[in-house]
Amino acid sequence: IWTALQSTGNATSAIPLYMLILYRWMKSNQSENELKSCFGGISVRTIRKWRRILVVQVANLRTTKIDSNWNNTNGLLRGRTVDGIHYPIDEPRPFSTSYSSHKLGGKAGLDYEFVVSTDRDCLCWLNGPFPAGKNDKTILENHGLKEAIENLQQMAGDDIRVIADDGYFKKDLLGILSFRNEFDPRDIAWFKDRALSRHEQFNGYTKRFKVLEERFSHDHTSGNPNGEFPMHKACVEAICVTLQCELEVGELT
C-alpha cells in the first residue's frame, strides 16, 4: 500500500511511521493520547493530521484495487454475490429513526453495499454509506447497482445474475439477481450457499478493524450537515483496499 501511494504521487511528504499509526488506529481504535504513548511521544496534532490525510489517500486506491474489478465477469453468469453490512455510529443529531439498524439492535448505524466475486478473491463493488434504516433492496434499486448490473449484462451479452440472499427478494429484481430456490439442482444450491457464506466471511474481515466494529464517533454533526459521513466512508474504503491487497498476496483466504 505504501508503494502504491508513492507510485501515484501521494504521501510524498509522509513517512512510513505515519502509515503504521494509521493502521494501529484502525485496528485498535485507540485514542490519540494512547497512540502518542505507543509511538514514542509523537504529538497528538501530528497524529491527527496524518491519520486524516493518509486514510483518504489509501481510500482513493479503490479506483485501481476495487472499482477496476467490476467489468471483469470472467465469463461466469453467477460469478458474484451482493450483501449489505451495518456499522455502528454515534447517534446523529438531530435524532432520526432512519439510522436505526435492525442488525444492531435498533442502535444507529450506517449501511454499505458490497459485491464480491465468487471465482476470484476480490471485491467488485463498494457503495455507501446509507442510513442503516434504508432497505437493502431500495439501495440496490435506486443507488446505482441495478443499473450497473444491467449495463454489465448488455456489455457481456450474457444472462448475468448476482447471487443475493432472501432479504433482497422482489419480483422486479429477478432480471438481475439470483436467489436460493427449492428447485435448484443440488450442486447449484450448494454453490449459492457457499458463495453467500463466503461473502459473510468478507464482511466479517472488515470488522476485525475495531474502528468499524466499535461505535464510530469521528464524524461530528457540525461538520457533516449532509449526512455524508466522510471520515467513516474513508475508513471503510481504506480497510476494503487493505483487505483486497491482503487477498492478492495470499494473507487472507
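This is a predicted model: local features need pLDDT of at least 70, side-chain atom pairs count only at pLDDT 80 or more; totals for chains, interfaces and linings use all residues.

1. Begin with helix α8, which covers residues 186-206, and helix α10, which covers residues 230-248; their axes come within 10 Å of each other and cross at roughly 120°. Angles from 65 to 115 degrees count as roughly perpendicular and those over 145 as roughly antiparallel, and α8 and α10 are therefore described as oblique to each other. The crossing of α8 with α10 is right-handed.

2. Looking at the side of α8 that takes part in this contact, you will find Phe202, Tyr205 and Thr206, which meet Ile239, Cys240, Leu243 and Leu247 of α10. Sorted by class, the contact of α8 with α10 has six nonpolar residues and one polar residue, with no charged residues.

3. Helix α10 also packs against helix α4 (residues 44-59), and here the axes are 7 Å apart, at an angle of about 55°. The pair α4 and α10 is therefore oblique as well, but α4 passes α10 in a left-handed crossing, whereas the crossing of α8 with α10 is right-handed.

4. Which residues bring α4 and α10 together? From α4 come Arg51, Arg52, Val55, Val56, Val58 and Ala59, and these meet Met231, Ala234, Cys235, Glu237, Ala238, Val241 and Thr242 in α10. By class, this contact of α4 with α10 divides into nine nonpolar residues, one polar residue and three charged residues.

5. The largest pocket holds about 290 Å³ of space, and its lining is made up of 18 residues, with Pro92, Arg93, Asp219, Thr221 and Phe229 lying nearest its centre. The lining of this pocket has seven nonpolar, seven polar and four charged residues.

6. Arg93, one of the residues nearest the pocket centre, is also joined to Pro94 by a cis peptide bond, with omega at about 0°. Pro94 belongs to the loop between β1 (80-88) and β2 (109-117).

7. Another cis peptide bond joins Gly128 and Pro129, with omega at about 5°, and Pro129 has its place in strand β3, which covers residues 123-131.

8. Finally, please look at Asn74, which is not a glycine and yet has a positive phi of about 60°. Asn74 is found in the loop between α5 (62-65) and β1.

Technical notes: Residues are numbered from 1 along each chain as its sequence is written. Side-chain values use heavy atoms; hydrogens and water are left out. On a 1 Å grid over the protein atoms alone, a cavity is a set of points where a 1.4 Å probe fits but cannot get out, and a pocket is an open set with protein on both sides within 12 Å along at least five of seven lines; lining residues have an atom within 4 Å of a point. Grid points are joined across faces, edges and corners, and a volume is the space filled by probe spheres set on the points. Ala, Val, Leu, Ile, Met, Phe, Trp, Tyr, Cys and Pro count as nonpolar, Asp, Glu, Lys and Arg as charged, and the others, Gly among them, as polar. Axes are lines fitted to C-alpha atoms, for helices over the stretch in contact, and angles run from 0 to 180 degrees between N-to-C directions. Helices (H or I, at least four residues) and strands (E, at least two) are DSSP runs, numbered from the N terminus. Angles under 35 degrees count as roughly parallel, over 145 as roughly antiparallel, 65 to 115 as roughly perpendicular and the rest as oblique. A crossing is left-handed if the near helix is turned anticlockwise from the far one by less than a right angle, and right-handed if clockwise. Contact means heavy atoms within 4.5 Å.
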